[in-house]
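Here are some friendly notes to read beside the model. Please keep the sequence and the 3D view open as you go.

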Amino acid sequence: MTEEKSRLRRELRAAQRGLSPEETARSDAAILAQIQGSEVYGKAKRLFLYYSRPGEVDTHALLARAVSDGKTVALPVSAPGGEMTFYRYTGTLRPGLWNIPEPKPSDPMEPSPEDLMIVPGLSFDRMGYRLGQGGGYYDRYLTAHPAVTAGVCRARFLRDAVPRDWNDRPVRYIITEHEILTFPVK
């Protein structure tokens, strides 16, 4: 399974690099509009978000929008070994592990059933499972901290199935440019 996931990750990363800046911008804007218009976003008072890197669905505009909408936002702080903790976003970020911007770790937050967590992934499948970057951070976190989760994915990277292991956790929603898929709570 590990080799199959590694091969697919390489393919998906190459495909991400092949997207034009215009296509990426259109896709990001459409996904942001889907999120903002969703009932799950509207109801959430707190948003657990990732700070996107090049190639990922851009979350920077969503971060700004959530703050302007009066939502409390939390971003992850990652540690070696696959562990992460979410901390309140206060408007400033600093370089973290792998140089990913993160908040100062001073006000930890854990999700509750009324909160929404936006989950990154290279690809998702039509059963709610994701193929991430390979570190297992979100799978470990979601095992210990169940949350209302929404994976964001460009429609071209949505698959019928992605390889998965026993410890992979499905998301509750997948949001693409064109649709919001909903899955039963597992």
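This is a predicted model: local features need pLDDT of at least 70, side-chain atom pairs count only at pLDDT 80 or more; totals for chains, interfaces and linings use all residues.

1. Residues are numbered from 1 along each chain as its sequence is written, and side-chain values use heavy atoms, with hydrogens and water left out.

2. Start with Arg-156, found in the loop between β10 (148–152) and β11 (158–159); strands are DSSP runs of E, at least two residues, numbered from the N terminus. Arg-156 counts as exposed because its relative accessibility is 52% (exposed is over 50%, buried under 20%, partly exposed in between, with a 1.4 Å probe and protein chains only). Not counting residues up to four places away in sequence, Arg-156 touches Leu-19 and Glu-23 (contact means heavy atoms within 4.5 Å).

3. Now look at Arg-130, in strand β9 (residues 130–131). Arg-130 counts as buried because its relative accessibility is 11%. Its side chain reaches the backbone oxygen of Pro-120 at 2.8 Å. Beyond neighbours within four places in sequence, Arg-130 is in contact with residues including Phe-124, Tyr-138 and Val-162.

4. Which strand does β2 (residues 72–79) join through six bridges? The partner is β3 (residues 83–88), and the two run antiparallel (strands pair if DSSP finds at least two bridges between them). Ala-74 has Arg-88 in β3 as its bridge partner. In this hairpin, with three residues between the strands, Gly-81 takes a positive phi near 95°.

5. Strand β3 is also joined to β6 (residues 108–109), by two bridges in an antiparallel arrangement. There, Tyr-87 stands opposite Pro-108 in β6.

Key:
Helices (H or I, at least four residues) and strands (E, at least two) are DSSP runs, numbered from the N terminus. A polar contact is a pair of N or O atoms within 3.5 Å; within protein, one must be able to donate a hydrogen and the other to accept it, and residues adjacent in sequence count only if both atoms are side-chain atoms.
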